[in-house]
Amino acid sequence: MKVSVNLPQHPYDIVIERGSLDQCGQWVSLLWKPQKIAIITDNHVGSLYAERVVKSLEARGFEVSVFDFPEGEAQKNLEVVNQAYAFLVDQGLTRSDGIIALGGGVVGDLAGFVASTYMRGIHFLQIPTSLTAQVDSSIGGKTGVNTPFAKNMVGTFAQPDGVLIDPDVLATLGRRELIEGMGEVIKYGLIADVALWQMLSKMNGPDEILQNAEQIIYRSCQVKRQHVVEDELDNGIRLYLNFGHTIGHAIEQTAGYGQVMHGEAVAIGMVQLSRVAEQKGLMPEGITEQISRMCQKFGLPVSHEPWNVEALHQALSHDKKARGSKIKTVIVPELGKAAINEVSLDEMREYLVK
């Protein structure tokens, strides 16, 4: 399967194929001439897959090195970025060389940021290994690292030269890691793809994710592609992809990065915002219960404790979707459609009250 991200200035393809990881060298050779490649990964994914990727790349004439860092959202910071820069300098990478992100969303975000800023930008590829990264973060060119002030506060827009997705690698994910990716998948069904929502409705829960992985990934990538192509720099409809994220990012930050996983926070954020939006007549009656049931069916949380309204409000006031004293939240006025609901930062407190 292939999804074409047909951006005018930087088109690229998302290739979805079981067993493709061991043939990644052939894929890269179609995109890049022989050069130095730095694989950026974390220590967990690296121990599982780095050797296989290196072998495939070296067989195609690439000179490969591997930089890994401790796994976890807490490692997505400027200190690790500086360590990566030092590694690239030590390996002698120039502007003619490239980076491959091999891992989940943390790896992809950090590696993309490093690639887009090292020597003012070198090219890079994404090989996502988590469900969250395969359906969301590896696509669209958003890179970023966390600060003590907000999640992904420092970042760039930089498109990869390609994305290679092997659904088979999901078999090595822990159950929690696999389930959290469904937060983004459920979101896609809600904001843009009724057929995906219906497909999820027919599934019996987490045990059926792997057998349906190709269709889940393909349909999710199609939704992401559409929004990215129409609004690459996140000023219009791409904001629809943030359904659940405004409150979700605040939860991630206040809980401590990595304590609540991204997809879990998105699920909680979707339910919390929908409940208040439904009460205000902005979303249809009963939709919050539908969202909550779907999330719980796949093992996602729909609430979080402790719930500190003031701490959450302080965190979301630094959100990238804030414009002056207002913030753009996303609502679902009907299943399969999204809309922007701009509210004042003061009014956002109402959306945080349990």
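This is a predicted model: local features need pLDDT of at least 70, side-chain atom pairs count only at pLDDT 80 or more; totals for chains, interfaces and linings use all residues.
A residue counts as buried under 20% relative accessible area, as exposed over 50%, and as partly exposed in between.

A search of the whole structure finds 19 salt bridges. Side chains of opposite charge can pair when their charged atoms come close. Three of these pairs are listed here.

| Pair | Closest N to O distance |
|---|---|
| E73 and K151 | 2.9 Å |
| D109 and K76 | 2.8 Å |

Start with E73 and K151, which form a salt bridge. E73 sits in the loop between strand 4 (63-69) and helix 3 (78-91), and K151 in the loop between strand 7 (142-145) and strand 8 (154-157), so the pair ties together parts that are 78 residues apart in sequence. E73 is buried, because its relative accessibility is 13%. K151 is buried too, at 7%.

Next come D109 and K76. D109 belongs to helix 4 (residues 105-117), while K76 lies in the loop between strand 4 and helix 3, 33 residues apart. Both D109 and K76 are buried.

Now take R349 and E310. R349 is in helix 14 (residues 348-352) and E310 in helix 13 (residues 309-316), 39 residues apart. With 30% relative accessibility, R349 is partly exposed. E310 is partly exposed as well, at 46%.

Salt bridges with shared partners also join E73, K76, D109, K151 and E252 into one network.

One stretch has a record. An unreviewed UniProt entry places "domain: 3-dehydroquinate synthase N-terminal" at residues 68-179. Over residues 68-179 the chain is 35% helix and 22% strand, with end C-alpha atoms 25 Å apart.

Definitions and conventions:
Residues are numbered from 1 along each chain as its sequence is written. Side-chain values use heavy atoms; hydrogens and water are left out. UniProt positions are given in the numbering used here, feature names are shortened, and annotations may be inferred rather than shown by experiment. Helices (H or I, at least four residues) and strands (E, at least two) are DSSP runs, numbered from the N terminus. A salt bridge is a side-chain nitrogen of Lys or Arg within 4 Å of a carboxyl oxygen of Asp or Glu. Buried means under 20% relative accessible area, exposed over 50%, partly exposed in between (1.4 Å probe, protein chains only).
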